[in-house]
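Please read it alongside the sequence and the coordinates displayed below.

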Amino acid sequence: MNTKKGLLALTPLAVLLTFIVIFTIYSVSKTDQEANLSLTVAFLAASVYAIAIPGAAPLNKKIEIYSRGAGSSNLLLMLWIYILAGAFASSAKSMGSIDATVNFAMSVLPASLLLPGLFLAACFISLSIGTSVGTIVALTPIAVGIAHSTNFNVPLVTAIIVGGAYFGDNLSFISDTTVVATQTQGCKMSDKFKVNIRIVAPAALLVLTAYAAIGTDVQLPSQLPAVEYIKVIPYLVVLVTAVLGMNVMAVLTIGLLLCGVIGIMTGDYNIFQWFGTMGTGILDMGELIIIAMMAGGMLEIVRENGGIDFIIQKLTAHITGKRGAELTIGALVSFVNVCTANNTVAILTVGNISKKIGDKYGVDNRKAASILDTFSCSVQGLIPYGVQMLLAAGLANINPIDIIPYLYYPTAIGVSALLAILLRFPKQYS
């Protein structure tokens, strides 16, 4: 592929990122409601541009490619989760389940431990279930409820859950990214874990310390309401079934049904009001569903036009030495992750070429797998159009851009992975 065509294929991403940067700067400079610029506008502009750029395919064909990406099976699965999550969160809020769970958490934990406690809970659950999405679904409403009850920063507590969710996504033995990274690099999961934990553990401890320091400012209400334990049951069941490894859609369905039964029993709503509440929650996810579909369509055009192939070709052209090979593997999976908004797909896409690079330059396959997984999780945790960020923002009722400044853990593991390459750490695997 020639350079001109390759760069042209990537320009829709440049348009999108330009809009995101402008929106971010504008949001920081304003304090009123006008600052809440929607990402749908950024994706609309990037999508129209992606379809309009010159190419060999006619307009109808490009629209077909866009529609195929917007309706891919993987994306639709996430959209069903969005719908169920919206219905569950709205039902739980209307019948008092979120308030009851928040009051329970605040009655158990001292104020200074709420933030580090949320991070540890997210780390534990994500490590247990191996999915960032399930962790975000289970914990974000509770974290946001705590933020509202303590008058604390909602984007910050949302970012805490997102960060902790990637702890397990990166390290869990049953995480998709771990499975794909170890399979493509030909190493055991346990061996990859030993290398990976040494790379990210300092970052996790540093971030936990930071949350402990920030948490000293959290003030509990002077008088906590009495805990209605029966209303804690839906979230307790959601957490337990998630940790036991049940499918996230099944988890949400069970939680939704429990909210309905308990809410009707306690008189918080009748069956028709429950249906109305579910409808409201689903509609609240509408904007995020539109963003996800536009992202899928635009990124499919980037892939179809050869943008990902161009990145792989250019990054692998001038490798020198083992350190250069490791940096190239990290850069490959990072760039492709930006183009696909899916860390598992990114690892699958570059896994085989990374294996060839590693074998040629003597990179330990356990470290190569760790680099792939850690960089992909770092990037996935930072892009505002990733399914996890969109889901967290929807459940918190905030703009995904608002969360970005507080994403300490995804940033920290990216820096740790880069330092592990530059400083040749861990030594025995470098």
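A crossing is left-handed if the near helix is turned anticlockwise from the far one by less than a right angle, and right-handed if clockwise. The model is predicted: local features need pLDDT of at least 70, side-chain atom pairs count only at pLDDT 80 or more, and totals for chains, interfaces and linings use all residues. Residues are numbered from 1 along each chain as its sequence is written, and side-chain values use heavy atoms, with hydrogens and water left out. Helices (H or I, at least four residues) and strands (E, at least two) are DSSP runs, numbered from the N terminus.

**Helix packing**

- Axes are lines fitted to C-alpha atoms, for helices over the stretch in contact, and angles run from 0 to 180 degrees between N-to-C directions.
- Helix H12 (residues 248-265) packs against helix H13 (residues 271-284) at an angle of about 140°, and their axes lie 10 Å apart.
- H12 and H13 are therefore oblique to each other (angles under 35 degrees count as roughly parallel, over 145 as roughly antiparallel, 65 to 115 as roughly perpendicular and the rest as oblique).
- The crossing of H12 past H13 is right-handed.
- In contact terms (heavy atoms within 4.5 Å), Leu 256, Leu 257, Gly 260 and Ile 264 of H12 meet Ile 271, Trp 274 and Met 278 of H13.
- This contact of H12 with H13 comprises six nonpolar, one polar and no charged residues (Ala, Val, Leu, Ile, Met, Phe, Trp, Tyr, Cys and Pro count as nonpolar, Asp, Glu, Lys and Arg as charged, and the others, Gly among them, as polar).
- Helix H7 (residues 132-149) and H8 have axes that come within 9 Å and cross at roughly 155°, which makes H7 roughly antiparallel to H8.
- H7 likewise passes H8 in a right-handed crossing.
- Residues of H7 that meet H8 include Leu 139, Ala 143 and His 148, and those on the H8 side include Ile 161, Ala 165 and Asp 169.
- The contact of H7 with H8 divides into 11 nonpolar, five polar and one charged residue.

**Aromatic pairs**

- The whole structure contains 11 aromatic pairs (rings of Phe, Tyr and Trp, its six-membered ring, pair if their centres lie within 6.5 Å; planes under 30 degrees apart count as stacked, over 60 as edge-to-face and the rest as tilted).
- Phe 173 and Phe 193 form a tilted pair, because their ring centres are 5.5 Å apart and their planes stand at 45°.
- Phe 173 lies in the loop between helix H8 (154-171) and helix H9 (176-185) and Phe 193 in helix H10 (residues 189-214), so the pair ties together parts that are 20 residues apart in sequence.
- Phe 272 and Phe 275 form an edge-to-face pair, 6.4 Å centre to centre with 85° between the planes.
- Phe 272 and Phe 275 are three residues apart in helix H13 and therefore separated by about one helical turn.
- Phe 119, Phe 167, Tyr 211, Tyr 408 and Tyr 409 are linked by ring pairs into a cluster.

**Backbone geometry**

- Most residues other than glycine have a negative phi, and most peptide bonds are trans.
- The peptide bond joining Phe 425 and Pro 426 is cis, with omega about -10°, and Pro 426 is found in the segment after helix H21 (408-422).
- Arg 424, also in the segment after H21, has a positive phi near 55°.
- Arg 424 is buried at 14% relative accessible area (buried means under 20%, exposed over 50%, partly exposed in between, with a 1.4 Å probe and protein chains only).
- Asn 397 has a positive phi near 60° and is exposed at 70% relative accessible area.
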